[in-house]
Each structure stands twice: as C-alpha cells, then as structure tokens.
Amino acid sequence: MADHDLLKAPHGTPIADDGDEFTFCSTCAFSAACLSEGYDKSQLRDLHVLVEHVGPFREGDHIFREGDPFNAIAAVRGGTVKTYVNDASGREQVLGFFLPGEVIGLNAIASARYPCNAVALDTVVLCRFSFPMMATLASRMPGLQRHLFNLLSQDIGKASLLAGNYTADERLAAFLVLLSRRFAERGFSATRMRLTMARTDIANYLRLAPETVSRVLRRLQDEGVLKVDRRDLEILQPAVLGELAHHVLRD
Amino acid sequence: MHTTPPTVQPEPTWRFDAELLRRYDRPGPRYTSYPTAPHFAEGFGEEDFRDIARRSNDDPIPRQLSLYVHVPFCRSPCFYCGCNRVITRDESRGRTYLDRLLREIGMVAPLFDCDREVVQLHLGGGTPNFLAPRLLGELVAALGRQFSFSHALDRDFSVELDPRFVAPDDIEVLSAIGFNRTSLGVQDFDPRVQQAINRVQGVDETLAIIDACRRFGMRSVNIDLIYGLPLQTLEGFGRTLDTVIDARPDRLAIYGYAHMPRLFKAQRQIRDEDLPDPETRLALLELAVERLGDAGYEYIGMDHFALPGDELARARREGGLHRNFMGYTTHAQTDLVGLGVSAISHVGDSYVQNHRDLPAWEAAVDQGRLPLWRGLVMGTDDVLRAELIQRLMCQGEIDTRQVERAWGIDFGRYFADALAALRPLQEDGLVQCPPGRIRVTPRGRALLRIIAMCFDRYLDQRGEGVRYSRTI
C-alpha cells in the first residue's frame, strides 16, 4: 500500500471548493478565521490557493512518519488519524486522535521535522496546507495568525491532559467527555459517536490495559451511564459522565 | 347460584392451518446464517481470519464467545440423517480426532483476547458421545485452559447425546465436566419406524438417561423428534408424543424429515413408498402441535418448543431471544468460534467454515495451518438483512422506522422487492404491516422461514445446485 506522501508536490486543482458563499469547507479548521475577518469567497482565493485535498488514505496508511522533513500541516476532512511515537524499546505510544476539522502536524512547526507518526485509522481525507506559503500569508492576514496560535495552544493543552494520577474511570470518562465536545463542536451529536479507534489504541493513550478499558465501559454500561454496541457508543447520562471526568478536566 | 369463572385459555403459540401449510410447503433455508452456507466462497485465507479475529478484539467491549465443537463419528448410520458424519466403531479414531482438535484449539484460541469470556459451548455431531466421557473431559479442560470460561450461572454448556450409547453414570461425569444442558435424539419410538430408519432405541433406556440428566443437575433436557419418517403413523407417533411428553423434557424440537437421497447417500436406504403422503405428513405435525400445546409447551419458532418456565420461552415473551448457529439462545450477540471438521465460525461480520472433508481437515491441522475451507465477509446490505431476519425469527417483528433511522434508508424504497414478496403473505394473514411495522401473526409463526425468505437477496439468483429442505 503506497503512502500518500505529504512531501509529494501538490497535483490537481489546488483550490478546495465545496459549498456556497456561506458554507465553505465545512470541516476546515481555518474557516472560523476567514469568517471572523469578514473575508468573502473571492478574497479567500489567496488563502485557498494553498489548500489541496489529499487522500483517500486507507486504514493503516501513514500520512507522515517521525523524522520526515516538515513542510505542511493538514486538516482532517473525513476519518480519524492517530499520532504515535515508538519508545526506546520500539513499543508504540499513542499521542492522540484527530477527528474531522482538527489539524495534524502542528507540533512540527517549531522544528524542521515531524516529531511523531500519523496513521489513518480508517479511510481518511485531508486538506493539506503548505506551511511555507501559509507562513507568508499569515503575516498578511492577522486573523489567520491568531487562529494558528489558537490551534497550537489547544493542541498542547490536549496532550497534557492525561498525564496526571487519575483512576481508570476518571481517565476514560474524561476521554469520552472530550470526544463528545469535539464532535459537538463540529456539528455532530454530542451523545452518539463512533469509536473508530481500537480499544488497544484507547488503552495505550490512557495508559491503561485494554481489559481495563472494557471493564470500565462494561460497568458504566451496566450502570446505565452509556451504551456500547460494537464501535458505536451512546452517552445516556452526560451529567454522570461529566461528574466522573470533572477531576481530570477541572472545568 | 354458584358459577365457576371461565378458565382463561392462554393464547395458543401456534395456530395450525393445514391448508396454509400445504400451500407454503416449498424449499427454503433455516437461516442459521445469512448469507447461507452455500454462498460461502472457497479460498478464505488464514490471514483473513486472523485479521477478522484481531478486529473483533478491538471493539471497546469485545463480544463474548460461543464455542461449537463438531464430533463427526457415529457408531451406526441413521438412514434419515443428512449431517456431516463418519460411521465407525473404531474408538481409537476418537482419540486421534481429539488429538488434532487439541492442536486446532492451540492455534485458534490465542487469536481471541483472554478477557472475552465463553458464555456458550455446544458439542454437536455426528455423535459427541462417541468420545468417552473421559475424552470429553479432556476436551473441555483444554478449552477451559485456553479460552476463558464464564463463571456466570447462566452460561450454557450443552452436549448432544445418543441415548443408546451413553450410560446414566456417564451423565454424572458430564455434569462434573461442566455440561449443564443435554439434547437427546429420539425421532420416534415406534419400532417399525425405528427399523426403517435403522435407529432401534428403547423407551426405557431413553427415560433412564433423561432421569439421569435430572438427577445430576442438567439444567435442561431437549428431545429431538422427526415427523414424516418412513412407516410413521398417527397412532405410532401419537404414542411417542405421549411417552415423551410424560417425561416432561424442558425443550423439544420437532423436525420435518427432508428426503433428499440424491444429496444424502444414507437416505437411499429409505424407500420412497414407505414415506407418509403429504396429507399424513401435515397431520403428523398437527398432532404434535396439538399434543404439545395441550401439555403446556410454548412454540418458540423454527421447530422448537419449550415449557413456559424455560429460559427460551421467557426470553421469547420478553423480547430477549437471539438466534445463532446452535439455534435459539438467550445469549446476546456473541462471536462464534467453530472447532473441528465442518464447523462454522461467525466472527464480526464474517463467516468461515472449516473443511467438511475429514482428510482435508486433518492435513491442515497436521501442517500447522488453520483448517479453513470457505467463508465470506458480509457487506452492509448483508448485515442489514441478517439483522431483519434475526428480528423476524426472534421477536416476530420489525420496527421499520427504527431501521430507517439507524441505517439511513427509506425502508419502502430500499426493500421494495421484499415488501412486494410480503404482500401475498399479508393477504394470507401470515404478517401484518401497520404503519412503521412488519409483524408476524400467530398463524405466521409456523412459517417464519417463508417470511424471512422475503428479505433474502440471494434467493433470486439461480441456485448453483443449491438445495434446501422443504419448509414444512
């Protein structure tokens, strides 16, 4: 399976153009920046010349690998991306999951190389933003620069969340509550979600054993807090879950 | 004046309508799987199965497991049988078979995460008790070591037994091994019928085994009967029914004999002229339904009856019935792992069947390969239709609006063909289609297969020599 390499030069039409004047690239992480600055579609041509639809990546395809030269960030348009590193003994450590509308590659901005691997967990399509061009544009469009910093700080905040000394229940609850918020922000349901990531990935991310993840979920299901059917999860009592997650999320 | 209040008759669970059954007597699958086994494709690779098993482990709460083990040997051929079996009296063949089974278990069990508990185990055949109780103990112990047996009280560990070749004391051993349910073959106690099918089995020896099952803690006993056998008469079958009902088994299965001698060699020993005519065949079924109904048995569906207190009957009333390869069960969706020659696995959205040919199964195991023969991965349409067929067979009802919401379809448009096929059944009173629902009527419950066939996409295709038994 050939990887679609973010390093490859863009081909095809560079303008990501779906939708009308008001709904433009609905899953674009930067749409908020454009709209808040009051740019209309014609003025956005400058911005959109940067954007290239990349993919589809099949499940298991790598989008970039640790150590690859950094030249682009990408917004997930569809599917789920997992980032991970391999520790000293070669074991995989999951860093995070990226849903539609979220941006991967941000943690490479400071260095010349991607510091982690990004792999598609299912069929993934991306909006690739060439970073050199983006940096130039950002100096001309203050809203864009601000938005980029916003995204960066969110990313950093997300990463430190699960480092604390919390119980398995608390970690899993926090994970689900955050997922729920992220889905809701993108216009998806806050209570019904599809867990595209394998339980081993969830477990790895939360520093738990896979059996523990299932045990906690089973208990929460027995207590009526949520319902799981294969990969579909429904939160039945968001308040209860929020209470459990409160300690971790501190909000 | 003293009046006795009218006794309330419970709603009969089977409305027998001879004319209807006669009209709908046509071949059809039993839907223990959908798509059905004839559609499995050869060349299903070992890597495919490993991948499927791995994915099934990856669900946030991976499904629990059901295990099925096939023991193909029988000491003596029953002429009606169309099952996969090997006739032999050489007990050493059981030992060699078990040795290979243990090897197969060693290859298959590690593919499934160890927190996936086995809530159901079933031994079928052939004759599972071809293997002496000690060997069965060895088998179950090996399964218990390599899989994780559930310790829940409602786990179902069942074994099919031929009462002619098992002793009451053996039942005690089987119970100690962990079995808590048994299924006994009877078919018919009429001596003339027994001669014609080559299964001479005494009433006393059978009752002794049923009694032993009760004494040694078997949670339930099932009896298999067959109507439509050669030389069967209403009087003879009636006596059999009386004898069996007197013993009060918890469950009964009444199968219609499927005479397909071109497919099943053993059946060639049955003379066509000895078979009951269609009228008698229907009358035999009607007699069974009547006697069982009078005795308080509830019709579960698809040839199965149970006492009202039995879990299956309760589950059916409460909507908690499910169906898998082993038939009706109270256990919610499990992944099924099949072991042994011809056994079928159902993991995730795929089916895989082991080699049906014993030498091929043996060769694969000897070479350290999974003995897979054929299978398929279900597409989205397959999964949807399989779910609808499940609901029809277990709850007798489809909530079409819920299906539309869950699957994002327009039911009327997507299933235009199925609904057209249902219309004559509606007119015959087998189903009702109020807005948003497809409901099986009491009359229709006897013909669940026919109703399910309306949703079978594969029936349209020219069968490549696919043969199904008649639905009555």
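Reply: The model is a predicted one. In chain B, S20(B) and S21(B) form a hairpin with four residues between them.

Me: Which residue in the turn of the hairpin formed by S20(B) and S21(B) has a positive phi?

Reply: Strand S20 (residues 431-432) of chain B pairs with S21(B) in the antiparallel sense, over two bridges. Within this pairing, Val431(B) has Val440(B) as its bridge partner. Four residues lie between the two strands, and the one in the turn with a positive phi, of about 85 degrees, is Gly436(B).

Me: Which residue of S21(B) stands opposite Glu397(B), and is it on the covered or the uncovered face of the strand?

Reply: S21(B) is also joined to strand S19 (residues 397-399) of chain B, by three bridges in an antiparallel arrangement. The residue of S21(B) opposite Glu397(B) is Arg439(B). In strand S21 (residues 437-440), Ile438(B) and Val440(B) make up the covered face.

Me: Into which domains is chain B divided, and which element gives the most to the side of domain 1 of chain B that touches domain 2 of chain B?

Reply: Chain B is divided into domain 1 (12-34 + 379-461) and domain 2 (35-337). The contact takes 20 residues of domain 1 of chain B and 18 residues of domain 2 of chain B. On the domain 1 side, the elements that give two or more residues are helix H1 (18-23) and helix H12 (380-394) of chain B. The element that gives the most, with four residues, is H12(B).

Me: How many residues are in the largest nonpolar core, and which helix gives the largest share of this core?

Reply: The largest nonpolar core has 115 residues, and among the members that touch the most others are Leu392(B) and Ala452(B). Helix H9 (residues 278-294) of chain B gives the largest share, six residues. The core draws at least three residues from each of domain 1 and domain 2 of chain B. The values asked for are therefore 115 residues and, for the helix, H9 of chain B.

Me: With which residues is Ala452(B) in contact, leaving aside its neighbours within four places in sequence?

Reply: Ala452(B) is one of the residues that touch the most other members of the largest nonpolar core. Once its neighbours within four places in sequence are left aside, its contacts are Tyr31(B), Ile389(B), Leu392(B) and Met393(B).

Me: How many other C-beta atoms lie within 10 Å of Arg248(B), and why does it count as partly exposed?

Reply: Arg248(B) is found in the loop between helix H8 (234-247) and strand S10 (251-256) of chain B. Although it is not a glycine, it has a positive phi of about 50 degrees. A residue is exposed with 12 or fewer such atoms and buried with 20 or more. Arg248(B) is partly exposed because its number falls in between, at 13.

Me: Where is the cis peptide bond that ends at Pro35(B)?

Reply: Pro35(B) has its place in the loop between H1 and strand S1 (41-42) of chain B. The cis peptide bond, with omega near -5 degrees, runs from Tyr34(B) to Pro35(B).

Me: Which strands are the edge strands of the open sheet of four strands in chain A?

Reply: The order of this open sheet is S2-S7-S4-S5 (chain A), with antiparallel pairing. An edge strand pairs on one side only, and this holds for strand S2 (62-64) and strand S5 (92-98) of chain A. Neighbouring strands are turned by 30 degrees against each other on average, direction ignored. The edge strands are S2 and S5 of chain A.

Me: Which helix packs on this sheet?

Reply: The packing helix touches strand S4 (81-86) and S5 of chain A. Its direction makes about 105 degrees with that of S5(A), and the helix is H6 (residues 199-206) of chain A.

Note on methods. Residues are numbered from 1 along each chain as its sequence is written. Chains are lettered from A and ligands numbered from 1 in the order in which they are written. This is a predicted model: local features need pLDDT of at least 70, side-chain atom pairs count only at pLDDT 80 or more; totals for chains, interfaces and linings use all residues. Two strands pair if DSSP finds at least two bridges between them. Axes are lines fitted to C-alpha atoms, for helices over the stretch in contact, and angles run from 0 to 180 degrees between N-to-C directions. Two residues are in contact if their C-beta atoms, placed from the backbone, lie within 7 Å. A nonpolar core is a set of buried Ala, Val, Leu, Ile, Met, Phe, Trp, Tyr and Cys residues joined through C-beta atoms within 7 Å. Domain bounds come from an automatic or database domain assignment.
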